[in-house]
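Subject: Structure handover and notes

Hello,

Please find the structure below, followed by my notes on it. Definitions are given where a term comes up.

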Amino acid sequence: MAPLKKSKKDSNKLKKIKAKNKKNKSINIVPVENKGTECDWWDSFWHKNSSTPGSGVPSDEEEGFKYFFRVSKKTFDYICSLVREDLISRPPSGLINIEGRLLSVGKQVAIALRRLASGESQVSVGASFGVGQSTVSQVTWRFIEALEERAKHHLKWPEPSEMDIIKSEFEQSFGLPNCCGAIDSTHIIMTLPAIQTSDDWCDQESNYSMLLQGIVDSEMRFLDIVTGWPGGMTTSRLFKCSGFYKLCESGDRLNGNVKMVSEGAEVREYILGGFGYPLLPWLITPYEGEDLSDPMLDFNAVHETASSVAVKAFSQLKGGWRILNKVMWRPDKQKLPSIILVCCLLHNIIIDCGDKLHPDVAISGHHDPGYEGQSCKQIESVGRLMRGKLTKLLQTTKKECSMKMIV
């Protein structure tokens, strides 16, 4: 039996289907930023989240923007410029809002900043933007990966010319010559699945935590950080595990010019640290004990004031990026250091861009309550001599000031 002949109508229909399929195959779909439909994300967010009674949101829109995202709109745009290429070049799988539209770079950055700034759950943050929990998770991690790579220049050890300015600021503000910064550390508290718990991660307050150590300048800018280590470590042990410690011990850091002070005494570069740190030639700690002389007490008072820049920096960090100040629910310990680093980068970007944080942002009280009691008994003789030189210098300066007041 011969094959059935196709009617002319069927033939035309088949041609149309083939033409349509060919046309569809020729379309190249690429992820591009949807500027037209998402440019008003802020207006929508502000209208939705600024009218909640008793929320404490400023009525002024610019201040409200900083309240929600910690940065001014100008600094926000700068952050977007850093991560834009990464956020639009990678496949945006699932990154759509409830109306099915692709999220703009601005909205992605806003979601990530809000998650880090508030520390609220992904569900809560998603509800405020009209996106789902999984979208908040994807967006935040994509942002963290991008900023970690693109904003490295905002957290680095200063060049000699930059360090000269830092040393000058410490001397003018506190009377301490050749001081390059102050060091402190804090605990990032978390819960862990039973299978991951161990004594290493359990700290002295019986919390599971990860440590963050930072060195800051007189403007509370982080110059060096180390994180990722278990909270069960002591401050001094964390310090000695850091790259900074090894560089200083090998003479590759804090190796700038010595400074001549009164009576021909030489003072090398150093940083300030609390009782939890060892007294070294390049790390100066306060005097300990009950029977301290007046010069020793005077030195301790100046030391406390100067080193408080580090305490304030950590209070600003944990207050500005409250994800670090809340108990993290079962975080990925491999990813947590990146989250901490990005929060430090954002802290520095705010300073570098000349932004001022909302006055209510910094946490009240100490940034690490319950952990202040650690004390390191290691004292090196050269470090004791350095501290003695600084103590004598402060007494000389004090006498000179008294003489000027009499005259």
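With which side chain does the side chain of His-187 make a polar contact? The partner is the side chain of Asp-368, at 2.8 Å. A polar contact here is a pair of N or O atoms within 3.5 Å; within protein, one must be able to donate a hydrogen and the other to accept it, and residues adjacent in sequence count only if both atoms are side-chain atoms.

Before the rest, the basis. This is a predicted model, in which local features need pLDDT of at least 70 and side-chain atom pairs count only at pLDDT 80 or more, while totals for chains, interfaces and linings use all residues. Residues are numbered from 1 along each chain as its sequence is written, and side-chain values use heavy atoms, with hydrogens and water left out.

Overall

The protein chain has 14 helices and eight strands. These are DSSP runs numbered from the N terminus, with helices being H or I of at least four residues and strands being E of at least two. Of its 407 residues, 46% count as buried. Buried means under 20% relative accessible area, exposed means over 50%, and partly exposed is in between (1.4 Å probe, protein chains only). Among contacts with a separation of 6 or more, 69% are between residues 24 or more positions apart; a contact means heavy atoms within 4.5 Å.

His-187 sits in strand β1, residues 179-191, and is buried at 5% relative accessible area. Leaving out residues up to four places away in sequence, His-187 touches Asp-203, Ser-209, Met-210, Leu-211, Gly-231, Lys-318, Asp-368 and Tyr-371.

Thr-227 belongs to strand β3, residues 222-230, and is also buried, with a relative accessible area of 18%. The side chain of Thr-227 reaches the backbone oxygen of Leu-211 at 2.8 Å. With the same exclusion of residues up to four places away, Thr-227 touches Met-210, Leu-211, Leu-212, Pro-337 and Ile-340.

Helices α12 and α13

Helix α12 (residues 294-320) and helix α13 (residues 336-352) have axes that come within 10 Å and cross at roughly 110°. Axes are lines fitted to C-alpha atoms, for helices over the stretch in contact, and angles run from 0 to 180 degrees between N-to-C directions. The two helices are therefore roughly perpendicular to each other; angles of 65 to 115 degrees get that label, those under 35 are roughly parallel, those over 145 roughly antiparallel and the rest oblique.

On the α12 side the contact involves Ala-313, Gln-316 and Leu-317, which meet Cys-343, Cys-344 and His-347 of α13. By class, the contact has four nonpolar, two polar and no charged residues. In this scheme Ala, Val, Leu, Ile, Met, Phe, Trp, Tyr, Cys and Pro are nonpolar, Asp, Glu, Lys and Arg are charged, and the others, Gly among them, are polar.

Cysteines

How many disulfides are there? The count is zero, taking a disulfide as a pair of cysteine sulfur atoms within 2.5 Å. For Cys-343, the nearest cysteine sulfur is that of Cys-344, 7.1 Å away. Cys-343 is buried, at 0% relative accessibility, and Cys-376 is buried at 13%.

Loops

Two residues other than glycine have positive phi values: Arg-70, near 75°, and Ser-206, near 65°. Most residues other than glycine have a negative phi. Arg-70 lies between α4 (61-69) and α5 (73-89) and is buried at 8%. Ser-206 lies between β1 and β2 (208-216) and is exposed at 59%.

Asn-255 is in the loop joining α11 (243-249) and β4 (259-260), and is exposed at 51% relative accessibility. A polar atom of the Asn-255 side chain lies 3.0 Å from the backbone oxygen of Gly-251.

Ile-379, in the loop between α13 and α14 (381-406), is partly exposed at 44%. The C-alpha atoms of Ile-379 and Leu-280 are separated by 6.6 Å, although these residues are 99 apart along the chain. Beyond four places in sequence, Ile-379 touches Leu-279 and Arg-384.

Regards
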